[in-house]
Amino acid sequence: MRRAVITAPKTIELQETNIPEIRPDEVLVKVKAVGLCTFEQRYYKGVQRAYPFIGGHEICGVVEKVGTNVAQKLDVGDQVVVASLTRCGECYYCRRGLDHLCSNADQKTKSGEMWGPGGLSEFMVAKGYEVYKVSNELNPAEATVAEPLACVIRSVEKGNIHLGDTVVVIGAGIMGLLHVKLAKLKGAKVIVSEPDGARRQNALETGADVVVDPINENLKEVVKSLTEGRGAHVVFFTAGGTPAIEQGISLLIKGGTIVLYGSIHPVQPISINPNDVHYDEIIVTGVVRHTKESFRKSALLLSQGLVQVQDLISECIPFEDINHAFERAISKDTYRVAVMF
Ligand SMILES: [Zn+2]
Ligand SMILES: [Zn+2]
């Protein structure tokens, strides 16, 4: 089999190696599609450097072999998605049931040893608990969205949206658009704040009720005018800098919640008025990664067509053209690029 290993910035080797053997608690997955997320893009661009690195954590494939101790019912040929980011299961947080906060998540192996989630490979080994069945009818490129969707599910659940609530989504990249889709499923009126005109248009086509250009329009006035002066029940920060977070906090209704889904690089502090927290009981919180339960829900939402994601797959590029796929993935004009096997 072949696997794509990043050995230096902008350098990918297609290496030949043996198809791995599985242990009794493992599944051999024949990979069909992998989404190229910012995690992989950072190692490709050299923003982060720990090589050799084998990327690919947004994975769809079919079951090739099932270990004798795998508990769930899996048949050869079943289409599956794989949750391949490390959770140790042994640290304080894993044992507390907070495995998304695992102390050893994304841990690198010793320097010089190959590491990474490993989806950019014709075959991969996964633990039984990392494998989730999806409908065989689901398009494999769309199925790779199961991983980011599983993260956004946690974000939207933390926002605790009620029917008819007003929601603001800051940023209309792929994560922003997934928030729009789920907030609409939850029965919210959705306002999207995004400086890029083409992305605002995509947000409208995805289901946003109102789009705002935060550079040339007054977002706070728009939100107030749509909520009888009160503000938004939930704000999701998916992209932008600290001023966007501070503005997001200023949009909240009393008792409202802002969820920091996106991270800030390089990090900058924000200022919060403690009396807004006290008198208005606003909640400032965040989410990172997915859980077993949010991954289960994600696989189900995609399998049943309750969330449609074909608009988020900008291009499908064959595995042999992996360099081109990364170049397209890091381009500003794509949402997700899927590598097809
Ligand atoms: Zn991802
Ligand atoms: Zn852990």
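Residues are numbered from 1 along each chain as its sequence is written, and chains are lettered from A and ligands numbered from 1 in the order in which they are written. Because the model is predicted, local features need pLDDT of at least 70 and side-chain atom pairs count only at pLDDT 80 or more, whereas totals for chains, interfaces and linings use all residues.

The protein is divided into domain 1, made up of 2–145 + 309–340, and domain 2, covering 150–286; the bounds come from an automatic or database domain assignment. The centres of the two domains, taken over C-alpha atoms, are separated by 30 Å. Domain 1 and domain 2 contribute 4 residues each to the contact between them, where two residues are in contact if their C-beta atoms, placed from the backbone, lie within 7 Å. On the side of domain 1 that touches domain 2 there are 2 nonpolar, no polar and 2 charged residues. In these classes, Ala, Val, Leu, Ile, Met, Phe, Trp, Tyr, Cys and Pro count as nonpolar, Asp, Glu, Lys and Arg as charged, and the others, Gly among them, as polar.

An open sheet of 6 strands with parallel pairing has the order 10-9-8-11-12-13. Helices (H or I, at least four residues) and strands (E, at least two) are DSSP runs, numbered from the N terminus, and two strands pair if DSSP finds at least two bridges between them. Strand 10 (210–212) and strand 13 (283–286) stand at the edges with a single partner strand each, so one side of each has no neighbour in the sheet. From one strand to the next the twist averages 20°. Strand 12 (residues 252–260) pairs with strand 13 in the parallel sense over 4 bridges, and T257 stands opposite I283 in strand 13.

Helix 4 (residues 146–159) packs against helix 5 (residues 174–185) at an angle of about 55°, the axes being 10 Å apart. Axes are lines fitted to C-alpha atoms, for helices over the stretch in contact, and angles run from 0 to 180 degrees between N-to-C directions. Helix 4 is therefore oblique to helix 5; angles under 35 degrees count as roughly parallel, over 145 as roughly antiparallel, 65 to 115 as roughly perpendicular and the rest as oblique. The contact involves residues including L149, V152 and V156 of helix 4 and M175, L178 and L182 of helix 5. By class, this contact of helix 4 with helix 5 has 10 nonpolar, 2 polar and no charged residues.

The axes of helix 5 and helix 6 (residues 197–206) come within 10 Å and cross at roughly 25°, which means that helix 5 is roughly parallel to helix 6. Here L177, V180 and K181 in helix 5 meet N202, A203 and T206 in helix 6. The contact of helix 5 with helix 6 has 3 nonpolar, 2 polar and 1 charged residues.

Most residues other than glycine have a negative phi, and most peptide bonds are trans. A cis peptide bond joins Y51 and P52, with omega about -5°; P52 lies in the loop between helix 1 (38–45) and strand 4 (58–66). H265 and P266 are also joined by a cis peptide bond, with omega about -10°, and P266 is found in the loop between strand 12 and helix 9 (274–280). K10, although not a glycine, has a positive phi of about 60°, and is placed in the loop between strand 1 (2–8) and strand 2 (11–16).
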